[in-house]
Amino acid sequence: MKSIEKTYLYLLRQAIGFPIDSAQCISSVRDAQCTMHDEDLDSLVRLAQIQGTGPLVYDQLLKTLSITSSPVRQGSMEIEMKQICMQNMVRQEEMKGVMQKTLAALAFGGVHAVVFKGFTLAQLYPNPNLRQWGDIDIYVGDKGYHQTADILRKTWPECPCFESEEDYFKHWNINVGHTAIEAHRVTIAMTHPMDKHLWARLENDGLCHSKEMTVDGLKFNVPEGMFNVLLVFIHSWHHYTESRSANMKQLCDLALLLHSVSLQSADVTIQTHTLLDYLNKNLRKLHLMQVWQAYAYIMVSHLGLPANECPLYTLKVAKRGETLLKHILGYSCKTKTKTKMKTKSNIILRKVNTLHNKINDSMQTWDISPVYSIHDIIGKVLEGLSRFLRGEFNRKWE
């Protein structure tokens, strides 16, 4: 691992509050070079931005690192980083106002909404204002989907939004200033038919048994704890498989969520074993056990999450974990490639071409989890056949 990555992970661990001298730390973060020149600093700042952790790392950078550069250069960098941290805090306050008005309108209209991802996860951080979140994600389900779109169009009449809320959309969007509100029909769109069936049941259980959370006087519902762990993990993995956009912010979210779940019970052993059973059963059904273990390795070995708070953690997957970390950090990630065929207007050839590209995408995950790759290919074949047989040849957006 490069020295810049070591320094970055060192600062990230400090920002999320896990001890640097943890016995589980095998990444040699203490060897990270904490005095850097201009080009090193630029690389570190850019890496933090790409990983969605800019304010978190900048705050630590301003506290702990000595920058070997000209006084003018050092001063300008410090001002820039402070401005970014402040802008993030100001924007979050604006987003809280948008969320408060949105949730009030939905409650008045009789829609049961559950807030998940960004805002709720930010509250797990030592300093929530430094965790970036750009969207407000609200689950309303099939039942409240169309009603929510109607309510929010009336609540924010001047704001751009999706013209319609098709039943195959994952979510419907409206943009309020700099804030996007995503009203979710489903939390995650699964491909394999068996995964869809299982996820629908897990989603129903995890969101119908939602719990109440209060932040600065604002009350709202959040997912049940164990389901939330699975949701945050799979959301990150889908970012990786669909666009190679999984980042360290998502792993920090998951690590802090696991830490939070372990602290919610007076008997940590009982709490951890309950979550262990839940994950062990459902990850195997979703063919995601190898992927989870790679994530677990990164969280324990590089972010400092205590091993006893991370179900199914094992050092046996160190090679896959390091491979995944390199891919996420971006310096060895394979580029997604697509092939083109001369299909003209032949529907079957177009479908074959699309399937060929999807299978290539699935194979990009082989070095992380061969089990998932094969399962994903089967799911895509079955989904393609199902759409073809139903006559769904084109969709304008999904």
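**Entry 1: helices 8 and 9**

I began with helix 8 (residues 225-243) and helix 9 (residues 248-263), whose axes come within 10 Å and cross at roughly 170°. Angles over 145 degrees count as roughly antiparallel, so helix 8 is roughly antiparallel to helix 9. I noted that the model is predicted. The crossing of helix 8 past helix 9 is left-handed.

I then asked which residues make the contact. From helix 8 I listed Gly225, Asn228, Val229, Val232, Phe233, His235, Ser236 and His239. From helix 9 I listed Gln250, Asp253, Leu254, Leu257, Leu258 and Val261. Sorted by class, the residues of this contact are seven nonpolar, six polar and one charged.

**Entry 2: helices 11 and 12**

I turned to helix 11 (residues 289-301) and helix 12 (residues 318-329), which pack at an angle of about 75° with their axes 8 Å apart. Angles of 65 to 115 degrees count as roughly perpendicular, so helix 11 is roughly perpendicular to helix 12.

On the side of helix 11, I recorded Gln290, Ala294, Tyr295, Tyr297 and Ile298. They meet Ala318, Arg320, Gly321, Glu322, Leu324 and Leu325 in helix 12. By class, I found seven nonpolar, two polar and two charged residues in this contact.

In soluble globular proteins, nonpolar side chains tend to be buried together.

**Entry 3: two residues with positive phi**

Next I looked up backbone angles. Lys117 is not a glycine, yet its phi is positive, near 60°. I located Lys117 in the loop between strand 3 (114-116) and helix 5 (118-122). Is Lys117 buried or exposed? Buried means under 20% relative accessible area, so Lys117, at 12% relative accessibility, counts as buried.

Leu312, also not a glycine, has a positive phi of about 70°. Where is Leu312 found? I placed Leu312 in the loop between helix 11 and helix 12. Its relative accessibility is 17%, so Leu312 counts as buried.

How values were computed: Residues numbered from 1 in each chain as written. Predicted model: local features only at pLDDT ≥ 70, side-chain atom pairs only at ≥ 80, totals over all residues. Heavy atoms only, no water. Axes fitted to C-alpha atoms, helices over the stretch in contact; angles between N-to-C directions. Helix = DSSP H or I, 4+ residues; strand = E, 2+ residues; numbered from the N terminus. Parallel < 35°, antiparallel > 145°, perpendicular 65-115°, else oblique. Left-handed = near helix turned anticlockwise from the far one by under 90°. Contact = heavy atoms within 4.5 Å. Nonpolar A, V, L, I, M, F, W, Y, C, P; charged D, E, K, R; others polar. Buried < 20%, exposed > 50% of the residue type's maximum accessible area, 1.4 Å probe, protein only.
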